Amino acid sequence: MEDFCVQYLNNIPYKLKSPFDFSFMEQYGEVFKIYDDQDSGNICFGVKNGDKKYFIKFAGAPTEQYSGKPEDAIARLKSAVPIYQDLAHPNLIRFIKAEEVENGFAAIFEWTDGECMGRMYPMSRERFLQMPDSTRIEVFKDILAFHIHVIKQGYVAIDFYDGSILYDFGTKKTLICDIDLYAKMPYINTIGRMWGSSRFMSPEEFTLGADIDEITNVYLIGAVAFALFGGETDRSAEKWRLGDELYKVALKAVDDNRNKRQQSLSEFEREWNKACLNKL
C-alpha cells in the first residue's frame, strides 16, 4: 500500500501514485466506471450525462502503472487526436472532442457497451471467447476492413492487440479502440523492441532500423486470426478451429520472413475470402 494511494469518485475506488484532484470530472457528468491500470499514463472514465454516455481518456495524473512523466503522457494523448480524426471509421470508437483541463488533457469518445477481448478483463474476455465461430469470422472481417482503411489513409497500425478489440452484443457490432500509437508511413523502427504485446508483433517490430509497413500489418492480422481461431501463439494445425485452407492463409501471414507473407492486406483479404467460400 506504500506505493500508491486510493481515491474515490462516486464511491468508485481507483489507484494513483500520489493524490490528484479529479473533482473537475463533474463537468462531464456522473462517473460510473474507472480504468486505472493502464501503463500508458492515461486514466479512463465512463461518464453518464442524461441519456448520453462517454468514455474519457485523461493524461496528466500520476497513474499507478505508469513509470514516465505526466507531461509525456499528455503529449502522446494530444498527438493521438489527429489519428482518431484521420482514421474515423464505422468500426472505430467515435471521437467527439479533446481539451486541456486541470493541468492535463482529456480526449472524449462515445461510450460503447462492448465486451473486450483483452486478457486484462477476464470476465469480458470469457464472454467474448464464447462467441460462435460464425460471429468471430464477422469480427475478424471487420478488423481486417478497418486496417485496410488504415493503410489507404497512409497509416500503419502499431500496438494493436486483443485489448483493442470490442464486440457489442446488443448492436452486434465490432468496435476498435486504443489506436493512439498508429503512425503515418513511411515508418522506421528507431527503438528496437517497439510498443505492444509480443503475441501480435512481427520480427521487424523487434529489429532496430526495420521498415514498419503494410507487410508488418499482414503479420498482425495473421496473429489476430490465430488469437480468434487458433491457439494464439501456438500456431499448430491441431489448435486451429476452422478449415485447412483458412489455416494456410493465416500461417502464411505470420511467416517470420516478410517476403513470404501476403504482400498487402488486400491480398490477404482475397485469399481469406476465397478460403472462406471453400469452407462454407
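## The three-stranded sheet

In this predicted model, in which local features need pLDDT of at least 70, side-chain atom pairs count only at pLDDT 80 or more, and totals for chains, interfaces and linings use all residues, three strands form an open antiparallel sheet in the order β8-β10-β11. Strands (E, at least two residues) and helices (H or I, at least four) are DSSP runs numbered from the N terminus, and two strands pair if DSSP finds at least two bridges between them. The edge strands are β8 and β11 (173-176), each of which pairs on one side only. Two bridges join β8 to the antiparallel strand β10 (residues 165-168), and glutamate 115 stands opposite tyrosine 167 in β10.

Helix α3 (residues 133-152) lies across β10 and β11 and runs at about 40° to β11. Such angles run from 0 to 180 degrees between N-to-C directions, with axes taken as lines fitted to C-alpha atoms, for helices over the stretch in contact; contact means heavy atoms within 4.5 Å. Residues are numbered from 1 along each chain as its sequence is written, and side-chain values use heavy atoms, with hydrogens and water left out.

## The five-stranded sheet

A further open sheet has five strands in the order β3-β4-β5-β7-β6, again with antiparallel pairing. Its edge strands, each pairing on one side only, are β3 (30-35) and β6 (95-101), and neighbouring strands are turned by 25° against each other on average, direction ignored.

## Backbone exceptions

Most residues other than glycine have a negative phi, and most peptide bonds are trans. Asparagine 10, in the loop between β1 (5-9) and β2 (12-16), has a positive phi near 50°. The peptide bond from methionine 185 to proline 186 is cis, with omega near 0°, and proline 186 lies in the loop between β12 (183-184) and β13 (187-188).

## Pockets

Grid points are joined across faces, edges and corners, and a volume is the space filled by probe spheres set on the points.

The largest pocket holds about 1400 Å³ of space and is lined by 43 residues, of which Gln38, Tyr121, Tyr161, Gly163 and Asp178 lie nearest its centre. The elements that give two or more residues to this lining are β3, β4, β5, α1 and β8 (115-116), and the largest share, five residues, comes from α1. By class, the lining divides into 22 nonpolar, ten polar and eleven charged residues, where Ala, Val, Leu, Ile, Met, Phe, Trp, Tyr, Cys and Pro count as nonpolar, Asp, Glu, Lys and Arg as charged, and the others, Gly among them, as polar.

The second largest pocket contains about 230 Å³ of space. Of the 13 residues that line this pocket, Glu110, Trp111, Thr112, Lys173 and Leu175 are the closest to its centre, and the lining comprises five nonpolar, three polar and five charged residues.

## The cavity

A search of the whole structure finds one cavity of 30 Å³ or more, and the largest cavity has about 50 Å³ of space. Its lining consists of Ala157, Ile158, Asp159, Phe160, Phe200, Glu205, Thr216, Asn217 and Leu220, which divide into five nonpolar, two polar and two charged residues.

## The chain as a whole

The protein chain has six helices and 14 strands. Its radius of gyration is 19 Å, close to the 19 Å that the globule rule gives for 280 residues, so the chain is as compact as a globular protein of that length; the radius is taken over C-alpha atoms, and the rule is 2.2 Å times the number of residues to the power 0.38. Along its principal axes, the C-alpha trace spans about 55 × 45 × 35 Å.

Key:
1 Å grid on protein atoms, 1.4 Å probe; cavity = no way out; pocket = protein on both sides within 12 Å on 5 of 7 lines; lining within 4 Å.
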